[in-house]
Structure formats: C-alpha cells, structure tokens
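Here is a walk through one model, from the whole chain down to single residues. Have the sequence and the 3D view open as you read.

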Amino acid sequence: MSKFSVFNLPLISNQETPLSADAYRAIVDLVYEHSRIKLGNDKQALLSSRLGKRLRHLGLTSFDEYCALLRSHRAQDEIDELIDLISTNHTRFYREPDHFQFLTDKILPTLIPQLIAKRSNLRIWSAASSSGEEPYTLAIVLSEFLRAHPTIDWQIWASDISKTILDAAKKGIYRMDTVEPVPPDLLKRYFQKGVGSQAGNCRVKPELRDKVQYERVNLFQNEYPIPLKQHVIFCRNVMIYFDIPSRELAVKRLTRHLAPGGFLIVGHSESLMGIQHNLKSVRQGVYQLP
Ligand SMILES: C[S@@+](CC[C@H](N)C(=O)[O-])C[C@H]1O[C@@H](n2cnc3c(N)ncnc32)[C@H](O)[C@@H]1O
C-alpha cells in the first residue's frame, strides 16, 4: 500500500496578494525614479513575493493601498524599504579577483612612487559596496601592499543606496563560511573569531574597520559626499541594473571624482559600451581617466 494519499492532503493555498498591472507599473516607475533600477516586464512574481511580506507587516490588504502609501507625504522611508526589498545585494570577499590582482600588480606599483613624491595619501572608493565584502577586501589588499610603505596614509570610502545594508557593512560581522575566500593567514591577521552568541561568525578587526568610511550615496544624486580625486573607484555589479542613459549619467558623475590617471573598475558582466564617456579602456572592466 502507498504511504501517501494525495486526495487526503489539504490544498496548499496561494496566499499571495494579487498584483494588478497598474500597481506593478506604478511600483516599477517609483523604483526607477528613486534608484534608476530598471525592472523589466517579467518581474511581477519577484515583486509580489518580495513585497507580499511587507504588505502583511504594514497591515495592508492590497497593492493599491501600498501604492497610495508610497505616494503619500510620509513616503520616503517606505520608498527606501521598497528599494531595499527589490535590490540585489549579492556580493562576496575577493569577488572577481583579477581586479584586486590588477590593483596590486599594476596600479599600486605605479601609483606609490607618485604618492611618495607628492606626500599625498591614497584614496579608493567602493561605490555600491553592499554589505562590505568589497571595501573590506580592498582594505586587506591595501593594508598588505602598504606594509612595505608604512609612511603612506590611505583611506577607503564605501557607499550604497541602502541604509540597511550599510548598517550591516559597518558592523563588519560575517558568517565563517562567507570568509572562505580570504586566505587563512589574512583571516587571522584581520578578523576576530566570534564566541558565545557570535559563535560561527567573525568580525573585521577594528583597526581595519576604521580604514573604511561609509556614506549613504545614491549614484544619481547631484553631489556625492565623497572626496574628489579618488585614485580608484570600484563600481561593480550595479550598472547591470541600470538602462543606458542612467549608466551614462552615473559614469559621468563618478568620473568627476577621479584623480587624473585614476581608474574606474566595473563588474565582469558590465562594460561602458554604448555610452559616452571620456575614459580610456585598459582591460576588461578597467577604465582610466587620461
Ligand atoms: C549586487 S550588489 C554589488 C556589490 C559589490 N559592488 C560587488 O560587486 O560585489 C549591488 C549594490 O548596488 C546597490 N545599488 C542599487 N542601486 C543603487 C544606486 N542607485 N545607487 C547606489 N547604490 C545602488 C544595491 O543596494 C546593492 O547593494
């Protein structure tokens, strides 16, 4: 006899709140207006599952009510929540490692003598830094490289549109399995192992955390609260969510923050093809201001 009787099983009800075409359009437009993230026509399922929980949390029963809330005078916090919920924060330590290799093999050996001659500090910005893995990888790479040049002062700026993700990044606490890409000797040098309620986690040591300054930045705001003359800007794996005019605008604004000869680095699946800019292509994903 079978151990299962399908006919006796209760039906699984689909509790998702229906998302009308009008509400979908309204949400897509609001997301674009505030972040330039371009949601295609095929993201209804994604939106309704990611936002369904939010509706229940707010005690709302329809997406029309949710849209009314988004348009109301107290909308800004809710729009921030919306962008947090729909944006992709996926990242990891040493992601696309050849960019870090290029930094140590090519950029830093040329830059360091210039900085020493000018008695200048080294500035790198991780724009769209998500939960901190990218800026902390940069901090480890710089800290290691500059052991041979202890007189050089350096600073990393890290920014993202999402306040929630920046709060997590500032804490610098990660599950042990997420730090696997960090070589064991560097893990020991730059991280502390969690104990008690933090068992299974580790934390970036305070001296390295202090080298990363976090700021909330929407790449489409007029002015960035980030110092000018950055030697390198990492802006990786975010351009893919923007349309061509938005990419062009972001690159134009980022370029304003580059030092002459500075580098803009985008993700492997991104390029500046099809947009106007005044940068020179150096290799895949790496551009330089002449
Ligand atoms: C996929 S993560 C990339 C993280 C990291 N750069 C990397 O390559 O691993 C994309 C990040 O871009 C942020 N983002 C999306 N739209 C943005 C905007 N308009 N301005 C600034 N950050 C944005 C998201 O919040 C998210 O944390």
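What follows goes from the overall layout to the ligand, then to one helix and a few loop residues.

This is a predicted model, where local features need pLDDT of at least 70 and side-chain atom pairs count only at pLDDT 80 or more, while totals for chains, interfaces and linings use all residues. Residues are numbered from 1 along each chain as its sequence is written.

**The whole chain**

The C-alpha atoms fill a box of roughly 75 × 50 × 40 Å along the principal axes. You'll find 10 helices and 10 strands in the chain; these are DSSP runs (H or I of at least four residues for helices, E of at least two for strands), numbered from the N terminus. Of the 290 residues, 31% count as buried. Buried here is 20 or more other C-beta atoms within 10 Å of a residue's own, exposed is 12 or fewer, and partly exposed is in between, with C-beta atoms placed from the backbone. Two residues are in contact if their C-beta atoms, placed from the backbone, lie within 7 Å. Among contacts between residues at least 6 apart in sequence, 73% join residues at least 24 apart.

The chain is divided into domain 1 (17-86) and domain 2 (98-288), with bounds from an automatic or database domain assignment. Their C-alpha centres lie 30 Å apart. Seven residues of domain 1 are in contact with 10 residues of domain 2. On the domain 1 side, helix α4 (residues 75-86) gives the most, with three residues. By class, that side has two nonpolar, one polar and four charged residues.

Where does the ligand lie relative to the two domains? Both domain 1 and domain 2 give residues to the shell around the ligand, so it lies between them. The shell holds 25 residues, and the closest are Thr 91, Ala 128, Ser 130, Ile 161 and Asn 237; a residue belongs if its C-beta atom, placed from the backbone, lies within 6 Å of the molecule. By class there are eight nonpolar, 12 polar and five charged residues. Ala, Val, Leu, Ile, Met, Phe, Trp, Tyr, Cys and Pro count as nonpolar, Asp, Glu, Lys and Arg as charged, and the others, Gly among them, as polar.

**Helix α5**

Now look at α5 (residues 98-118). A kink of about 45 degrees lies at Ile 107, shortly before the proline Pro 109; the bend is the angle between axes fitted to the seven residues ending there and the seven starting there. Ile 107 is also one of the buried residues of α5, along with His 99, Phe 100, Leu 103, Leu 108 and Leu 111. These buried residues pack against α6 (133-145), β7 (230-234) and β8 (258-265).

**Loop residues**

Most residues other than glycine have a negative phi.

| Residue | Other C-beta atoms within 10 Å | Class |
|---|---|---|
| Thr 178 | 15 atoms | partly exposed |
| Tyr 94 | 19 atoms | partly exposed |
| Ala 128 | 25 atoms | buried |

Tyr 94 sits between α4 and α5, Ala 128 between β1 (122-127) and α6, and Thr 178 between β3 (173-175) and α8 (184-190). Leaving out residues up to four places away in sequence, Thr 178 touches Arg 92 and Phe 93.
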